[in-house]
Amino acid sequence: MRDSLQNEIPHIKFKDVTFSYPGNKENLIFKCNFSIKKPGFWMVLGKNGSGKSTLLKLINGIIKPKNGAIYSKANIGMVFQNPDHQILMPNCRSELLININQNISQNEINKKIEYVLDQVGMTGFEKRPIHTLSGGQKQRLTIACALISNRNFILLDEPTSLLDQTSQLKVLKTIKNLTSDQNKPLSALWITHRYEELMYADAVAELKNGCLSHWKEPSKFQYN
Ligand SMILES: Nc1ncnc2c1ncn2[C@@H]1O[C@H](COP(=O)(O)OP(=O)(O)O)[C@@H](O)[C@H]1O
Ligand SMILES: [Mg+2]
């Protein structure tokens with residue numbers, strides 16, 4: 001089933017990317033270079049205001065660099081900090097439906113809905129009203145929406161910062177499972193300011209002074 005959801009290995013590359021917000025002379029992102037060429041769980045750590053959300057906006061093309069180039073071959077989905085800002089419909093099924101390519105049979109739609117809910121550990125939640133979901137379940141539903149709309153690269157902007165520890169772990173493990181899938185691993189870029197989340201990543205980098213550090217294994221990563 002995943003085959004029909006994701007076909008290509010996504011690839012993102014920043015080459016000397018510089019960015020400042022209009023009216024602000026100071027460069028928030030300055031000569032930033034990095035690439036993500038392999039599926040996996042990629043995490044970026046950075047202090048408040050360091051430009052993490054801005055980096056994601058550059059990756060998904062919401063804003064354009066002032067200098068440098070961004071190369072992107074990916075079908076990008078977003079998961080925001082607050083799922084209430086993202087979920088539009090009254091229940092899980094209808095939310096998934098607005099994210100699906102509906103040019104397929106009812107039977108296929110039902111199969112896909114079942115499949116993606118299973119992928120995020122929410123089997124049987126199809127009819128559940130959104131207001132009965134916990135924060136973590138809502139976050140996992142937004143991940144399911146990204147999967148059902150054929151996204152192969154998911155950007156997550158501090159997705160656990162509003163969650164309790166149990167929900168935080170469930171969302172982390174959901175992404176861990178999807179990114180380490182044997183057949184079709186997903187690519188995920190996870191923004192955090194929580195040091196304890198890094199151990200789940202395949203690679204970690206810090207955004208500091210406008211630049212992203214080199215990718216490192218979590219055990220070799222040092223945060224200053
Ligand atoms: N739309 C905007 N216009 C002007 N300045 C902004 C805008 N969005 C963010 N900023 C500023 O850019 C800096 C970095 O913001 P952001 O990327 O949200 O950081 P982070 O996500 O790491 O906390 C902050 O100083 C913020 O005030
Ligand atoms: Mg932010």
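Predicted model: local features only at pLDDT ≥ 70, side-chain atom pairs only at ≥ 80, totals over all residues.
**Helices, sheets and a ligand: a friendly tour**

Me: How are H5 and H6 oriented to each other?
Reply: Helix H5 (residues 135–148) and helix H6 (residues 165–179) pack at about 20°, with their axes 8 Å apart. Therefore, H5 and H6 are roughly parallel. Here axes are lines fitted to C-alpha atoms, for helices over the stretch in contact, with angles from 0 to 180 degrees between N-to-C directions. Angles under 35 degrees count as roughly parallel, over 145 as roughly antiparallel, 65 to 115 as roughly perpendicular and the rest as oblique, so the name for H5 and H6 is roughly parallel.

Me: Which residues of H6 does H5 meet?
Reply: Two residues are in contact if their C-beta atoms, placed from the backbone, lie within 7 Å. From H5, the residues taking part are Gly135, Gly136, Gln139, Arg140 and Ile143, and they meet Ser167, Lys170, Val171 and Thr174.

Me: How do H4 and H5 lie to each other?
Reply: The axes of helix H4 (residues 106–119) and H5 come within 9 Å and cross at roughly 135°. H4 and H5 are therefore oblique.

Me: Which residues of H5 make the contact with H4?
Reply: The crossing of H4 and H5 is right-handed. H4 brings Lys112, Val116, Leu117 and Gln119, and H5 brings Ala144, Leu147 and Ile148.

Me: Which strands are the edges of the sheet of six strands?
Reply: This open sheet has the order S5-S6-S7-S3-S8-S9, with mixed pairing. Two strands pair if DSSP finds at least two bridges between them. Each edge strand pairs on one side only, and these are S5 (76–79) and S9 (211–212).

Me: What is the bridge partner of Leu207 in S9?
Reply: Strand S8 (residues 203–208) and S9 run antiparallel, joined by two bridges. Across in S9, Leu207 has the partner Leu212.

Me: How many bridges join S1 to S4?
Reply: An open sheet of three strands has the order S2-S1-S4. In S4, Lys73 stands opposite His11. Strand S1 (residues 11–19) and strand S4 (residues 67–73) run antiparallel, and the number of bridges is six.

Me: Which residue stands opposite Ile12 in S2?
Reply: S1 and strand S2 (residues 29–36) run antiparallel, with five bridges. Opposite Ile12 stands Ile36.

Me: How many residues of the shell around ligand 1 are polar?
Reply: A residue is near a molecule if its C-beta atom, placed from the backbone, lies within 6 Å of it. Ligand 1 is surrounded by Tyr21, Leu28, Gly46, Asn48, Gly49, Ser50, Gly51, Lys52, Ser53 and Thr54. Ala, Val, Leu, Ile, Met, Phe, Trp, Tyr, Cys and Pro count as nonpolar, Asp, Glu, Lys and Arg as charged, and the others, Gly among them, as polar. The shell has two nonpolar residues and one charged, and its polar residues number seven.

How values were computed. Residues numbered from 1 in each chain as written. Chains lettered and ligands numbered in written order. Helix = DSSP H or I, 4+ residues; strand = E, 2+ residues; numbered from the N terminus. Left-handed = near helix turned anticlockwise from the far one by under 90°.
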